[in-house]
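Notebook open, structure loaded. I want to jot down what I look up, entry by entry.

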Amino acid sequence: MGLKKLFTAQAAIKWGIPLIILILVGVFPVFHSTYYQTLITFALMYMTLSVAWTIFSGTTGYISLASAAFYGIGIYASALFGEKMPFFLVILIGGAASFIFAFIIGAITLRLRGIFFSMFTFGLVLLAYQVLIWYELTIKNIRGYFVVIQSDNAIFYYLLGLFIITIIVSYVLKRSKYGLALSSIGENENASEHIGVNVTLVKILTFSLSAVFMGAAGAIMATKLSYIDPNIAFDPMISFSPALMATFGGMGNIYGPVIGSVIFYFIQDRLQTGPLQNYYKLIFGAVLVGTIMYMPSGIVGLIQKLQKRISGAKSAPITG
Amino acid sequence: MQDFLNIVIGGLLIGGIYSLISMGMSLQYGVAKVMNIAHGEFLMFGAFITFTLQEHGVNPLVSIIIIAPVTFIAGFILYRTVFTTIRVRADNQGVFEGNALLAAFGFYFILQNIGVLIWKSTPKSYAFLNSIWKLGGADIFQNRLVAAGFAIGLGILFYIYLSTTRSGKAIRAAAQDAPTAGLMGVNINFVLALCFGFGAAMAGVAGSLISICYGITTTMGLGYTLLAIVVVTLGGLGSIPGSFIGGFILGIIGTAVGYINHSSYTGLTVASYYVIFIILLLVRPKGLMGK
């Protein structure tokens with residue numbers, strides 16, 4: 001009985017979310033409300049970013065603070081190539097540019113163990129912002145670019161497609177031997193190297209892969225804005241949100257970041273439009289600190305712990 | 001020649017303040033093992049408290065006497081409550097460092113938001129000792145000289161404290177091996193919190209000194225944190241003398257790039273820091289004086 005209950009609860013977590021997404025897609029054409037469409041589009045963007053962030057940082061423990069840099073690169077790719085090329089190609093360019101950029105960063109920092117990676121990625125947003133501002137104002141003499149706008153529907157479906165691809169890649173990667181290599185790096189990097197994992201290469205490639213999705217998300221979301229400049233493209237909040245959402249949701253499970261993003265995006269939306277709009281960064285920061293202090297494995301971890309406790313209590317007499 | 005002299009003197013003067021900021025971060029990471037991404041926000045608070053006190057007629061140099069204890073206590077309590085909890089709950093050192101980094105990232109947003117709420121995001125500045133001395137054709141801003149003197153003096157004072165007193169010895173023991181130091185009778189939670197407090201106080205005082213010389217904004221913290229990160233890497237993670245020397249090196253490089261660039265946009269200066277960072281990571285990741 002206890003076993004059966006556990007099974008259904010796990011199944012609910014495992015299959016419930018894909019189901020919700022499918023329903024969402026099915027229902028979507030019914031409500032022709034721009035408000036909800038925008039809301040869900042942004043939620044999808046945050047979900048993609050969080051899942052992509054977790055692919056590398058969640059499993060290996062190397063905390064990347066550069067999500068905003070990759071996202072910004074995607075936005076700039078869209079601004080530079082949007083007129084000349086079809087939308088699909090622009091998204092690919094955004095992803096590819098982020099991949100190359102992340103590969104270079106990884107090659108510099110991930111050869112080394114420890115804190116260097118986080119230290120290096122922390123300032124990248126500032127670097128990109130300052131250099132671009134300097135370039136645009138002293139050499140190009142015009143600040144910002146105009147972006148070719150796409151229809152809301154196109155943005156929604158491209159983003160949904162990107163999100164599904166991100167989830168699938170994240171899931172397949174976790175199940176593959178590379179996923180095993182990644183989590184062994186997170187557990188004990190020295191031991192991982194001893195059993196024959198090419199630690200540096202695995203780290204660099206995974207980091208670059210996670211950047212692809214962030215860049216692509218940026219390239220898609222840029223078409224929602226008609227004008228971009230470094231200030232809009234490189235917002236430190238975009239680095240902060242995936243880390244917060246993934247930590248809150250829990251990084252041990254693929255659905256953790258998704259749950260975290262959905263909850264946080266809707267809270268953010270409420271806060272930004274309400275009387276507390278000047279406080280939402282403060283509230284988010286406090287939630288991040290609180291989460292790390294009191295539930296380091298996030299909501300999903302908490303649920304799993306409760307499940308274990310309930311099922312453990314029930315099965316104790318049987319095993320004993 | 002005159003340009004060269006201007007760059008070196010200007011660089012050394014601002015370098016003194018950079019040294020103080022970086023020593024604080026070095027202490028926080030080297031001993032307490034917290035990569036404090038919110039370091040620049042303590043600095044911003046120091047700067048704005050000085051600004052507010054100055055508006056009420058308090059001499060900026062006197063306000064250091066208030067800011068140092070306030071930021072010290074804030075840092076001490078922060079470590080004793082938040083980071084100690086994280087440390088106790090973490091499975092191993094790596095998990096602690098990762099979680100502490102994320103928590104510091106959270107504090108970065110909390111503190112910056114509080115700063116913006118209190119002081120808004122418009123740039124502020126005030127005049128203090130703004131006369132210029134001439135020395136062999138080079139300009140020396142009086143306020144920068146005073147600020148650098150204070151920063152260097154505090155840095156040397158702290159080094160003497162570390163190397164001569166009993167609690168300084170405890171800090172050095174904890175820096176080498178915290179668990180063993182704990183076994184040898186050092187009250188480790190107290191000493192680590194002490195280090196974090198000292199680091200925060202150094203940031204606060206540095207902020208106060210910066211407000212004397214330069215304009216300040218509530219969003220300036222990020223730039224100074226980045227600078228401190230580069231200096232700490234340059235000097236060697238956890239090496240206090242290394243950070244002290246690294247601050248001057250970066251001060252001179254930053255001033256030189258700013259001098260060549262002649263633009264109010266600091267893109268190239270930040271880029272030059274990153275170039276140094278990249279070279280360091282490729283050639284000598286343990287820094288100038290690292291172990």
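First, my contact criterion: two residues are in contact if their C-beta atoms, placed from the backbone, lie within 7 Å. Helices (H or I, at least four residues) and strands (E, at least two) are DSSP runs, numbered from the N terminus. This is a predicted model, so I keep to its limits: local features need pLDDT of at least 70, side-chain atom pairs count only at pLDDT 80 or more, and totals for chains, interfaces and linings use all residues. Residues are numbered from 1 along each chain as its sequence is written, while chains are lettered from A and ligands numbered from 1 in the order in which they are written.

**Entry 1: chain A overall**

I counted secondary structure in chain A and got 15 helices and two strands. Next I checked burial: a residue is buried if 20 or more other C-beta atoms lie within 10 Å of its own, exposed if 12 or fewer, and partly exposed in between, with C-beta atoms placed from the backbone. Of the 320 residues in chain A, 45% are buried. I also looked at contacts in chain A with a separation of 6 or more, and residues 24 or more positions apart account for 80% of them.

**Entry 2: helix α8 of chain A**

Which residues of α8(A) are buried? In this helix, residues 177-187, I find A:Ala181, A:Leu182 and A:Ile185. Looking down the axis of α8(A), I see these buried residues fall within an arc of 100 degrees, so they line one face of the helix. The arc is that of the directions from the helix axis to the C-beta atoms. The cover over them includes α2 (34-60), α9 (189-194) and α10 (199-222) of chain A.

**Entry 3: a helix pair in chain B**

I fitted α6(B), residues 166-176, against α8(B), residues 188-213: the angle is about 95 degrees and the axes are 10 Å apart. That makes α6(B) roughly perpendicular to α8(B), a label covering 65 to 115 degrees, where under 35 is roughly parallel, over 145 roughly antiparallel and the rest oblique. Axes are lines fitted to C-alpha atoms, for helices over the stretch in contact, and angles run from 0 to 180 degrees between N-to-C directions. From α6(B) the contact uses B:Ser167, B:Ala170, B:Ile171 and B:Ala174, and from α8(B) it uses B:Ile188, B:Val191, B:Leu192, B:Leu194 and B:Cys195.

**Entry 4: hairpin in chain B**

I found strand β1(B), residues 132-135, running antiparallel to β2(B), residues 138-141, with four bridges joining them; strands pair if DSSP finds at least two bridges between them. B:Lys134 sits opposite B:Asp139. Two residues separate the strands of this hairpin, and B:Gly136 in the turn has a positive phi of about 55 degrees.

A:Asn141 is not a glycine, yet I read a positive phi of about 65 degrees. A:Asn141 is exposed, with 7 other C-beta atoms within 10 Å.
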